[in-house]
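My notes follow the order in which I looked.

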Amino acid sequence: MSTKRVFSGIQPSGDIHIGNYMGALRNWVAMQDDYATIYCVVDLHALTLPQDPARLLQARLRTAKILLAAGIDPHHSMLYFQSQVPQHSELSWIMGTLASMGHLGRMTQYKEKEDKGGQNLGLFSYPVLMAADILIHRVHAVPVGNDQTQHLEFTRDLVGRFNARYGDFFPLPEQISPPVGARVMSLQDPSSKMSKSDPDPGSRIIVTDDADTIVSKLRRAVTDSGREVAYDLEEKPGISNLLDILAAFTGRGVAQLAEEYAQVGYGRFKDVVAEAVIFGLQPLRQAYLNLEDSQVKQIMDEGARQARTRAEETMTALRSLIGLSD
Ligand code: AMP
Ligand code: TRP
(Lines give C-alpha, C1' and ligand atoms only; values in the text may rest on other atoms or scores of the structure.)
(Ligands and ions follow the chains in the order given, each with its own letter.)
Protein backbone atom coordinates (compact mmCIF):
# COMPACT_ATOMS: atom_id res chain seq x y z
CA MET A 1 0.00 0.00 0.00
CA SER A 2 1.43 3.38 -0.92
CA THR A 3 1.61 6.18 1.66
CA LYS A 4 -1.28 8.62 1.57
CA ARG A 5 -0.49 12.21 0.69
CA VAL A 6 -1.56 15.22 2.72
CA PHE A 7 -1.55 18.95 1.88
CA SER A 8 -2.37 22.01 3.91
CA GLY A 9 -1.71 25.73 3.74
CA ILE A 10 -1.63 28.76 5.97
CA GLN A 11 -1.77 32.43 5.01
CA PRO A 12 1.05 34.76 5.98
CA SER A 13 -1.48 37.46 6.75
CA GLY A 14 -0.67 37.92 10.44
CA ASP A 15 0.77 36.15 13.41
CA ILE A 16 -0.10 32.50 13.96
CA HIS A 17 -2.39 32.10 16.96
CA ILE A 18 -3.42 29.18 19.15
CA GLY A 19 -6.52 28.66 16.97
CA ASN A 20 -4.26 27.93 13.99
CA TYR A 21 -2.10 25.82 16.26
CA MET A 22 -4.90 23.73 17.76
CA GLY A 23 -7.04 23.53 14.64
CA ALA A 24 -4.32 22.82 12.11
CA LEU A 25 -0.66 23.09 12.91
CA ARG A 26 -0.49 20.50 15.66
CA ASN A 27 -2.15 18.01 13.35
CA TRP A 28 0.27 18.88 10.56
CA VAL A 29 3.17 17.98 12.80
CA ALA A 30 1.61 14.74 14.04
CA MET A 31 0.72 13.59 10.52
CA GLN A 32 4.34 13.59 9.41
CA ASP A 33 4.76 10.13 10.92
CA ASP A 34 2.07 8.43 8.87
CA TYR A 35 1.64 10.39 5.66
CA ALA A 36 3.66 11.99 2.88
CA THR A 37 3.11 15.57 4.03
CA ILE A 38 3.20 18.76 1.97
CA TYR A 39 2.76 22.15 3.65
CA CYS A 40 2.62 25.58 2.14
CA VAL A 41 2.71 29.23 3.16
CA VAL A 42 -0.01 30.45 0.82
CA ASP A 43 1.26 33.93 0.07
CA LEU A 44 -0.83 34.38 -3.10
CA HIS A 45 -3.96 33.95 -0.99
CA ALA A 46 -2.80 36.74 1.31
CA LEU A 47 -2.92 39.18 -1.62
CA THR A 48 -6.72 39.04 -1.62
CA LEU A 49 -6.52 41.73 1.07
CA PRO A 50 -4.26 44.80 0.68
CA GLN A 51 -0.70 44.03 1.86
CA ASP A 52 2.24 46.29 2.46
CA PRO A 53 5.09 44.71 0.42
CA ALA A 54 7.79 45.01 3.09
CA ARG A 55 5.50 43.64 5.77
CA LEU A 56 4.32 40.79 3.59
CA LEU A 57 7.90 39.78 2.94
CA GLN A 58 8.52 39.70 6.67
CA ALA A 59 5.28 37.89 7.47
CA ARG A 60 6.01 35.11 4.95
CA LEU A 61 9.35 34.44 6.55
CA ARG A 62 7.98 34.60 10.10
CA THR A 63 5.18 32.19 9.19
CA ALA A 64 7.66 29.73 7.69
CA LYS A 65 9.84 30.03 10.78
CA ILE A 66 6.91 29.26 13.07
CA LEU A 67 6.00 26.18 11.05
CA LEU A 68 9.55 24.91 11.41
CA ALA A 69 9.66 25.82 15.11
CA ALA A 70 6.38 23.97 15.68
CA GLY A 71 7.99 20.80 14.38
CA ILE A 72 7.49 20.67 10.62
CA ASP A 73 10.59 18.74 9.66
CA PRO A 74 11.91 19.48 6.15
CA HIS A 75 13.34 15.95 6.02
CA HIS A 76 9.83 14.56 6.40
CA SER A 77 7.67 17.23 4.79
CA MET A 78 7.82 19.36 1.70
CA LEU A 79 7.50 22.96 2.88
CA TYR A 80 7.43 25.97 0.55
CA PHE A 81 5.95 29.31 -0.46
CA GLN A 82 3.00 29.00 -2.83
CA SER A 83 4.20 31.81 -5.11
CA GLN A 84 7.44 29.94 -5.80
CA VAL A 85 5.53 27.12 -7.49
CA PRO A 86 3.71 28.70 -10.46
CA GLN A 87 1.87 25.48 -11.27
CA HIS A 88 -0.61 26.37 -8.48
CA SER A 89 -1.73 29.40 -10.48
CA GLU A 90 -1.85 27.53 -13.78
CA LEU A 91 -4.03 24.79 -12.31
CA SER A 92 -6.18 27.42 -10.62
CA TRP A 93 -7.03 28.92 -14.01
CA ILE A 94 -8.00 25.53 -15.41
CA MET A 95 -10.12 24.57 -12.39
CA GLY A 96 -11.75 28.00 -12.52
CA THR A 97 -13.23 27.14 -15.89
CA LEU A 98 -15.17 24.35 -14.16
CA ALA A 99 -16.20 26.32 -11.07
CA SER A 100 -19.78 27.26 -10.32
CA MET A 101 -20.20 31.02 -9.73
CA GLY A 102 -23.28 30.37 -7.60
CA HIS A 103 -21.36 28.03 -5.35
CA LEU A 104 -18.49 30.55 -4.98
CA GLY A 105 -20.91 33.33 -4.06
CA ARG A 106 -22.31 31.27 -1.19
CA MET A 107 -18.99 30.84 0.64
CA THR A 108 -19.19 32.27 4.16
CA GLN A 109 -15.62 33.52 4.13
CA TYR A 110 -16.25 35.42 0.89
CA LYS A 111 -19.47 36.93 2.18
CA GLU A 112 -17.81 38.06 5.41
CA LYS A 113 -14.88 39.70 3.67
CA GLU A 114 -17.12 41.25 1.05
CA ASP A 115 -19.21 42.76 3.85
CA LYS A 116 -16.06 44.29 5.30
CA GLY A 117 -15.47 46.13 2.05
CA GLY A 118 -13.23 43.61 0.32
CA GLN A 119 -14.32 43.33 -3.29
CA ASN A 120 -12.00 41.82 -5.80
CA LEU A 121 -11.99 38.89 -8.14
CA GLY A 122 -9.28 37.15 -6.10
CA LEU A 123 -11.45 37.12 -3.02
CA PHE A 124 -14.28 35.61 -5.03
CA SER A 125 -12.16 32.95 -6.70
CA TYR A 126 -10.08 32.26 -3.57
CA PRO A 127 -11.54 28.74 -3.16
CA VAL A 128 -10.49 27.85 -6.72
CA LEU A 129 -6.86 28.62 -5.91
CA MET A 130 -7.22 26.67 -2.68
CA ALA A 131 -8.56 23.71 -4.64
CA ALA A 132 -5.61 23.98 -7.02
CA ASP A 133 -3.22 23.94 -4.02
CA ILE A 134 -4.73 20.67 -2.92
CA LEU A 135 -5.09 19.12 -6.36
CA ILE A 136 -1.68 20.01 -7.76
CA HIS A 137 -0.24 17.29 -5.50
CA ARG A 138 -3.24 14.95 -5.94
CA VAL A 139 -3.46 14.47 -2.19
CA HIS A 140 -5.90 12.30 -0.26
CA ALA A 141 -6.40 14.38 2.88
CA VAL A 142 -6.30 17.98 4.11
CA PRO A 143 -5.83 18.84 7.81
CA VAL A 144 -7.64 22.14 8.55
CA GLY A 145 -9.88 23.78 11.14
CA ASN A 146 -13.67 23.69 10.80
CA ASP A 147 -13.84 27.08 9.11
CA GLN A 148 -12.49 25.44 5.94
CA THR A 149 -15.24 22.82 5.58
CA GLN A 150 -17.08 24.77 2.86
CA HIS A 151 -13.88 25.22 0.89
CA LEU A 152 -13.13 21.51 1.11
CA GLU A 153 -16.64 20.72 -0.12
CA PHE A 154 -16.11 23.09 -3.00
CA THR A 155 -12.84 21.32 -3.85
CA ARG A 156 -14.59 17.96 -3.85
CA ASP A 157 -17.25 19.37 -6.11
CA LEU A 158 -14.56 20.51 -8.57
CA VAL A 159 -12.92 17.08 -8.45
CA GLY A 160 -16.29 15.52 -9.30
CA ARG A 161 -16.73 17.84 -12.28
CA PHE A 162 -13.19 17.35 -13.55
CA ASN A 163 -13.21 13.56 -13.17
CA ALA A 164 -16.64 13.29 -14.78
CA ARG A 165 -15.35 15.10 -17.84
CA TYR A 166 -11.83 13.75 -18.17
CA GLY A 167 -11.75 10.45 -16.27
CA ASP A 168 -10.54 9.56 -12.83
CA PHE A 169 -7.57 11.88 -12.41
CA PHE A 170 -7.81 13.47 -8.95
CA PRO A 171 -8.43 11.58 -5.71
CA LEU A 172 -11.35 12.97 -3.66
CA PRO A 173 -9.59 14.77 -0.79
CA GLU A 174 -11.01 14.27 2.69
CA GLN A 175 -10.95 16.83 5.50
CA ILE A 176 -9.18 16.01 8.74
CA SER A 177 -10.06 18.17 11.77
CA PRO A 178 -9.16 17.53 15.41
CA PRO A 179 -11.82 16.43 17.94
CA VAL A 180 -10.93 19.39 20.20
CA GLY A 181 -9.79 22.80 18.99
CA ALA A 182 -11.17 22.70 15.44
CA ARG A 183 -12.79 26.08 16.14
CA VAL A 184 -11.17 28.21 18.82
CA MET A 185 -13.11 31.36 19.60
CA SER A 186 -11.95 34.94 20.21
CA LEU A 187 -10.97 35.70 23.81
CA GLN A 188 -12.88 38.98 23.56
CA ASP A 189 -15.98 37.71 21.78
CA PRO A 190 -16.68 33.99 22.10
CA SER A 191 -19.31 34.19 19.36
CA SER A 192 -16.67 34.79 16.68
CA LYS A 193 -13.65 32.67 15.85
CA MET A 194 -10.15 33.62 16.91
CA SER A 195 -8.72 35.34 13.86
CA LYS A 196 -5.43 36.77 12.63
CA SER A 197 -7.22 39.78 11.23
CA ASP A 198 -9.17 40.79 14.37
CA PRO A 199 -8.13 44.41 15.09
CA ASP A 200 -7.97 43.63 18.84
CA PRO A 201 -4.70 41.81 19.65
CA GLY A 202 -6.23 40.85 23.02
CA SER A 203 -8.61 38.55 21.14
CA ARG A 204 -5.92 36.00 20.38
CA ILE A 205 -2.81 34.37 21.82
CA ILE A 206 0.10 34.33 19.39
CA VAL A 207 2.14 31.14 19.55
CA THR A 208 5.29 33.14 20.23
CA ASP A 209 3.77 35.35 22.97
CA ASP A 210 5.84 35.43 26.15
CA ALA A 211 4.51 34.15 29.47
CA ASP A 212 3.43 37.55 30.82
CA THR A 213 1.51 38.38 27.67
CA ILE A 214 -0.29 35.04 27.76
CA VAL A 215 -1.27 35.51 31.41
CA SER A 216 -2.53 39.03 30.83
CA LYS A 217 -4.51 38.16 27.67
CA LEU A 218 -6.20 35.27 29.47
CA ARG A 219 -6.96 37.34 32.55
CA ARG A 220 -8.68 39.88 30.30
CA ALA A 221 -10.61 37.19 28.40
CA VAL A 222 -14.35 37.78 28.62
CA THR A 223 -16.19 35.33 30.79
CA ASP A 224 -19.83 34.71 31.43
CA SER A 225 -22.32 35.43 34.17
CA GLY A 226 -22.24 33.12 37.17
CA ARG A 227 -19.19 31.83 38.99
CA GLU A 228 -19.02 28.14 38.26
CA VAL A 229 -16.61 26.75 35.69
CA ALA A 230 -18.80 24.57 33.45
CA TYR A 231 -18.91 23.43 29.83
CA ASP A 232 -22.03 25.00 28.38
CA LEU A 233 -21.76 26.50 24.90
CA GLU A 234 -25.10 28.32 25.18
CA GLU A 235 -24.84 29.81 28.66
CA LYS A 236 -21.09 29.97 29.13
CA PRO A 237 -19.41 30.35 25.73
CA GLY A 238 -16.38 32.20 27.14
CA ILE A 239 -15.56 29.63 29.82
CA SER A 240 -16.32 26.76 27.43
CA ASN A 241 -13.77 28.18 24.98
CA LEU A 242 -11.17 28.32 27.77
CA LEU A 243 -12.02 24.71 28.67
CA ASP A 244 -11.47 23.71 25.05
CA ILE A 245 -8.10 25.44 25.07
CA LEU A 246 -7.14 23.76 28.35
CA ALA A 247 -8.26 20.38 27.02
CA ALA A 248 -6.21 20.79 23.84
CA PHE A 249 -3.11 21.78 25.77
CA THR A 250 -3.38 19.08 28.44
CA GLY A 251 -4.79 16.23 26.36
CA ARG A 252 -7.56 15.78 28.95
CA GLY A 253 -11.33 15.75 28.39
CA VAL A 254 -13.44 18.90 28.92
CA ALA A 255 -15.94 17.09 31.15
CA GLN A 256 -13.27 15.96 33.55
CA LEU A 257 -11.60 19.39 33.57
CA ALA A 258 -14.91 21.16 34.19
CA GLU A 259 -15.55 18.94 37.17
CA GLU A 260 -12.08 19.48 38.59
CA TYR A 261 -12.21 23.29 38.31
CA ALA A 262 -15.94 23.82 38.89
CA GLN A 263 -15.48 25.64 42.16
CA VAL A 264 -12.13 27.41 41.88
CA GLY A 265 -13.54 30.65 40.50
CA TYR A 266 -12.94 32.24 37.08
CA GLY A 267 -9.75 34.09 38.09
CA ARG A 268 -7.92 31.04 39.33
CA PHE A 269 -9.20 28.99 36.40
CA LYS A 270 -7.79 31.49 33.88
CA ASP A 271 -4.38 31.19 35.51
CA VAL A 272 -4.54 27.40 35.20
CA VAL A 273 -5.28 27.78 31.48
CA ALA A 274 -2.44 30.28 31.13
CA GLU A 275 0.00 27.90 32.79
CA ALA A 276 -0.95 25.04 30.44
CA VAL A 277 -0.68 27.25 27.34
CA ILE A 278 2.70 28.67 28.40
CA PHE A 279 4.03 25.20 29.11
CA GLY A 280 2.66 23.77 25.84
CA LEU A 281 4.09 26.56 23.68
CA GLN A 282 7.47 26.75 25.40
CA PRO A 283 9.32 24.37 23.01
CA LEU A 284 7.95 26.19 19.95
CA ARG A 285 8.95 29.58 21.32
CA GLN A 286 12.44 28.39 22.12
CA ALA A 287 12.91 26.78 18.71
CA TYR A 288 11.61 29.96 17.06
CA LEU A 289 14.17 32.12 18.81
CA ASN A 290 16.96 29.73 17.80
CA LEU A 291 16.18 29.70 14.06
CA GLU A 292 18.12 32.02 11.74
CA ASP A 293 16.35 33.75 8.84
CA SER A 294 18.99 32.49 6.42
CA GLN A 295 18.35 28.87 7.45
CA VAL A 296 14.63 29.30 6.91
CA LYS A 297 15.11 30.85 3.47
CA GLN A 298 17.35 28.00 2.41
CA ILE A 299 14.84 25.38 3.56
CA MET A 300 12.02 27.16 1.72
CA ASP A 301 14.01 27.40 -1.51
CA GLU A 302 14.80 23.71 -1.41
CA GLY A 303 11.14 22.90 -0.63
CA ALA A 304 9.99 24.95 -3.62
CA ARG A 305 12.45 23.17 -5.90
CA GLN A 306 11.06 19.78 -4.89
CA ALA A 307 7.47 21.01 -5.10
CA ARG A 308 7.96 22.41 -8.62
CA THR A 309 9.20 19.03 -9.83
CA ARG A 310 6.23 17.23 -8.31
CA ALA A 311 3.70 19.82 -9.44
CA GLU A 312 5.06 19.74 -12.99
CA GLU A 313 4.47 15.99 -13.11
CA THR A 314 0.79 16.58 -12.40
CA MET A 315 0.59 19.41 -14.93
CA THR A 316 2.30 17.40 -17.66
CA ALA A 317 -0.24 14.60 -17.29
CA LEU A 318 -3.12 17.04 -16.98
CA ARG A 319 -2.19 19.16 -20.02
CA SER A 320 -2.17 16.09 -22.17
CA LEU A 321 -5.45 14.86 -20.67
CA ILE A 322 -7.32 18.06 -21.49
CA GLY A 323 -5.84 18.67 -24.94
CA LEU A 324 -3.18 21.26 -24.27
CA SER A 325 -0.32 19.00 -25.30
CA ASP A 326 0.15 15.61 -26.93
P1 AMP B 1 -5.71 30.96 8.34
O2 AMP B 1 -5.43 31.69 9.62
O3 AMP B 1 -7.03 31.35 7.77
O4 AMP B 1 -4.56 30.99 7.37
O5 AMP B 1 -5.88 29.43 8.77
C6 AMP B 1 -4.85 28.48 8.84
C7 AMP B 1 -5.39 27.20 9.44
O8 AMP B 1 -5.81 27.41 10.79
C9 AMP B 1 -6.63 26.64 8.72
O10 AMP B 1 -6.54 25.22 8.71
C11 AMP B 1 -7.77 27.07 9.57
O12 AMP B 1 -8.87 26.20 9.48
C13 AMP B 1 -7.16 27.03 10.96
N14 AMP B 1 -7.80 28.00 11.85
C15 AMP B 1 -7.87 29.34 11.67
N16 AMP B 1 -8.53 29.94 12.69
C17 AMP B 1 -8.88 28.94 13.54
C18 AMP B 1 -9.58 28.91 14.78
N19 AMP B 1 -10.02 30.03 15.36
N20 AMP B 1 -9.77 27.70 15.37
C21 AMP B 1 -9.30 26.56 14.80
N22 AMP B 1 -8.64 26.53 13.64
C23 AMP B 1 -8.43 27.69 13.00
N1 TRP C 1 -8.01 28.90 2.94
C2 TRP C 1 -7.16 28.47 4.02
C3 TRP C 1 -7.40 29.38 5.24
O4 TRP C 1 -7.85 30.48 5.11
C5 TRP C 1 -5.69 28.49 3.66
C6 TRP C 1 -5.42 27.59 2.51
C7 TRP C 1 -5.10 27.96 1.23
C8 TRP C 1 -5.44 26.17 2.51
N9 TRP C 1 -4.91 26.87 0.46
C10 TRP C 1 -5.11 25.77 1.20
C11 TRP C 1 -5.71 25.22 3.49
C12 TRP C 1 -5.06 24.42 0.85
C13 TRP C 1 -5.67 23.88 3.12
C14 TRP C 1 -5.35 23.47 1.82
O15 TRP C 1 -7.10 28.95 6.30
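**Ground rules.** I am reading a predicted model, where local features need pLDDT of at least 70, side-chain atom pairs count only at pLDDT 80 or more, and totals for chains, interfaces and linings use all residues. Residues are numbered from 1 along each chain as its sequence is written, chains are lettered from A and ligands numbered from 1 in the order in which they are written, and side-chain values use heavy atoms, with hydrogens and water left out.

**Entry 1: the shell around ligand 2.** Which residues come nearest to ligand 2? I found 14 residues around ligand 2, and Phe7, Tyr126, Met130, Asp133 and Gln148 come nearest. (A residue is near if one of its heavy atoms lies within 4 Å.) I sorted the shell by class and got seven nonpolar, six polar and one charged residues. (Ala, Val, Leu, Ile, Met, Phe, Trp, Tyr, Cys and Pro count as nonpolar, Asp, Glu, Lys and Arg as charged, and the others, Gly among them, as polar.)

**Entry 2: polar contacts.** I looked for pairs of N or O atoms within 3.5 Å. Tyr126 has a polar side-chain atom 2.7 Å from a nitrogen atom of ligand 2. For Asp133, a polar side-chain atom also sits 2.7 Å from a nitrogen atom of the ligand. The side chain of Gln11 places an N or O atom 3.4 Å from an oxygen atom of ligand 2. Next I checked the cover: ligand 2 taken alone exposes 370 Å², and the protein buries 90% of that. (The areas come from the Shrake-Rupley method with a 1.4 Å probe.)

**Entry 3: elements in the shell.** β1 (5-10) and α7 (121-135) each give two or more residues to the shell. The largest share, four residues, comes from α7. (Helices are DSSP runs of H or I with at least four residues, strands are E runs of at least two, and both are numbered from the N terminus.)

**Entry 4: cavities.** How many cavities of 30 Å³ or more are there? I counted two. (A cavity is a set of points on a 1 Å grid over the protein atoms alone where a 1.4 Å probe fits but cannot get out; lining residues have an atom within 4 Å of a point. Volume is the space filled by probe spheres set on the points, which are joined across faces, edges and corners.)

The largest cavity holds about 50 Å³. Its lining includes Tyr126, Lys113 and His151. α6 (108-115) and α7 each supply at least two lining residues there.

The second largest cavity has about 30 Å³. Its lining has five nonpolar, three polar and no charged residues.

Definitions and conventions:
A polar contact is a pair of N or O atoms within 3.5 Å; within protein, one must be able to donate a hydrogen and the other to accept it, and residues adjacent in sequence count only if both atoms are side-chain atoms. On a 1 Å grid over the protein atoms alone, a cavity is a set of points where a 1.4 Å probe fits but cannot get out, and a pocket is an open set with protein on both sides within 12 Å along at least five of seven lines; lining residues have an atom within 4 Å of a point.
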